[in-house]
Amino acid sequence: MKLNYLAFSIPFFVLLIFIEYSITKKKKLGGFELHNVITNLSIGIAERMLDVFVATIFYFVFDTLQRKYGIFYIKPTPLLWVLLLIATDFIWYWYHRLAHEINILWAVHIVHHQSEDYNFTVSARITVLQAFLRGGFWCALPIIGFPAPMIVGMLLVHGLYPFFIHTKLIGKLGILEYMIVTPSHHRVHHASNEQYLDKNYGDVLIIWDKLFGTFQKEGDDKEIIYGLTKPLNTNSFLWQHFHYFIEIIVAVSKQKTWKDKVKTFFARPDTLDPSARKEAEGIFNVKQTQKTIEKPMNTYVKWQIGLLLAALFTFILIEKNVSVVFSIVFTLFTILTLINCGAIMEQKKRVFNIEFARAFLLILISLYYFNYQTIFIILLIAITFILARYRYLERQYLSLVYSKQLSVI
C-alpha cells in the first residue's frame, strides 16, 4: 500500500495548536474563542481535503508548461534551489499584494482575514479558490524553466513557514526582523488598525515590502485589532466563503454602464459601496444571532471537527489507494459536515436538512459497497419513514439541538 506521509503534518500542527492554546491560557492572553477556532479549522479542513485534487491538477499544469513552453531547462542544484525560493517568494508577494488591491481577487483572499483572533488556527483559513488563484500565479515558474518536481517541493516548504508566524506568543526577533517575515510583521498584516492596513505582504522574505514601499513595523504602544475593518459576524461556512462575491455582484448591478460594471470587478476593495454587505445579507436572509449555543451542542460541534481531522489524516495518508467514488463521497460528506457545524453555531433551522443529507449520503455509499438485498430493504423503509414524518422529526431534532428558549432562524 502506497502511503502519503504528508498526512502526518495534520497531527503535528494540531499538537502545536494545542501547545499554543495551553501557553495562551496559562498566561491568560485570550484570543482562542471556541467558535473562531472551529471556523478556522473548518476552512482549513476543506482546503486540505480539496488540495489533494488541486495539487494533482497543478503538477500536471506545471509539467506541461515546463516541457512545452519552458524558456530554460533547469536542473536541481543548490544554487537553483535558492533561486527558486527567491522567485517563489517574489511571485507570492505580488499575488498577495494584488489580492488586497483588486476586488475579484480580494473576494478569494478575504476569508483568510476574517478571524478576529490571531493564533496558529488562522493559518488554516486558506480556501481552495485561493489555492487555485496562487497556483495560477506560480505558473510563471515552469515557463522560466523550473521542473514540476522542484516547484511542488518548494511550494511544500514555502507553504509550511507561514503557519509559524500566525501567533501572538512570539515577540520581535532582533536581526531577523530585517530579513525574514516574522510573527511581528505578520501581526501587522492581519491588523485592521488604520495605520497597518495593506502592509507586509511578504511570506518568507520581508525584503519585498521594503523594496516596494509596503513595509510597516509593529508598534509597541497600541493594541492590534484583528479581522476585517467591517467584521463579518458569522460562523457560516458558506457565507464566509462567498459573501464578498455577492457583494461585488450587488455593487456591479448598480452601475449604469458596462465600463463601470467591469471596473467594479477590478477596483480597490475600499471603493466598494459599504451598503453592498447589508443588501447581500438581505437577499440571502443572512441573520446572525447574538445568543450563545449551549454546552451540549458546542460539544457536538467539537466532536465533529475532531473526527473530521482524524478522517482527513486517514484520507490523505491512503489517498493513492482509494477509489474515485470514495474520494467524491468523502469530499461531499466532509463539506456537508462543515456546513452543518456552521449552521449549528449560527442556530439555523436548516441544520436538520443538512443532517438528513449526510445520512442519505451514508446510505448511498453503504449500498454501493454492501449491495445486500436485506440492507437495501431496511434502508428503503427507513428513508420512507423519515420522508413521511419529516416535519415531525425536524421539530423533535431542533428541540434536541437547541434549547426550548432559543428561536432558530
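1. The largest cavity has a volume of about 50 Å³. A cavity here is a set of points, on a 1 Å grid over the protein atoms alone, where a 1.4 Å probe fits but cannot get out. Grid points are joined across faces, edges and corners, and a volume is the space filled by probe spheres set on the points. The structure holds three cavities of 30 Å³ or more.

2. The model is predicted: local features need pLDDT of at least 70, side-chain atom pairs count only at pLDDT 80 or more, and totals for chains, interfaces and linings use all residues. Residues are numbered from 1 along each chain as its sequence is written, and side-chain values use heavy atoms, with hydrogens and water left out.

3. The lining of the largest cavity consists of E20, T24, L29, G30, G31, F32, Y118, N119, T167, K168 and L169; lining residues have an atom within 4 Å of a point. By class, four of these residues are nonpolar, five polar and two charged. The classes count Ala, Val, Leu, Ile, Met, Phe, Trp, Tyr, Cys and Pro as nonpolar, Asp, Glu, Lys and Arg as charged, and the others, Gly among them, as polar.

4. The second largest cavity holds about 40 Å³ of space. T39, S42, I43, N235, F237, Q240, L338, C341, G342 and M345 line this cavity. The elements that each give two or more residues to this lining are α2 (34-69), α10 and α14 (324-345), and α14 supplies the largest share, four residues. Helices (H or I, at least four residues) are DSSP runs, numbered from the N terminus. The lining of the second largest cavity divides into five nonpolar and five polar residues, with no charged residue.

5. Among the open spaces, the second largest pocket has a volume of about 630 Å³. Of the 25 residues that line this pocket, W106, T229, K230, P269 and D270 are the closest to its centre. Two or more lining residues come from each of α8 (183-190), α10 (237-253) and α12 (275-283). A pocket is an open set of points with protein on both sides within 12 Å along at least five of seven lines. The lining of the second largest pocket contains ten nonpolar, seven polar and eight charged residues.

6. Buried means under 20% relative accessible area, exposed over 50%, and partly exposed in between.

7. The salt-bridge count comes to 13, where a salt bridge is a side-chain nitrogen of Lys or Arg within 4 Å of a carboxyl oxygen of Asp or Glu. One of these joins the side chains of R268 and D198 (3.3 Å, N to O). R268 lies in the loop between α11 (258-266) and α12, and D198 in the loop between α8 and α9 (207-211), so the pair ties together parts that are 70 residues apart in sequence. R268 is partly exposed at 33% relative accessible area, and D198 is partly exposed at 28%.

8. The side chains of R277 and E247 also meet in a salt bridge (2.7 Å, N to O). Because R277 lies in helix α12 and E247 in helix α10, this pair ties together parts that are 30 residues apart in sequence. R277 is buried, with a relative accessible area of 7%, and E247 is buried at 5%.

9. Within helix α15 (residues 351-369), E355 and R358 are three residues apart, about one turn of the helix. Their side chains meet in a salt bridge (2.6 Å, N to O), and both residues are buried. Elsewhere, salt bridges that share partners join E47, R48 and D51 into one network.

10. T337 lies in helix α14 and is buried, at 2% relative accessibility. T337 and E355 are 18 residues apart in sequence and 8.1 Å apart in space, C-alpha to C-alpha.

Technical notes:
Buried means under 20% relative accessible area, exposed over 50%, partly exposed in between (1.4 Å probe, protein chains only).
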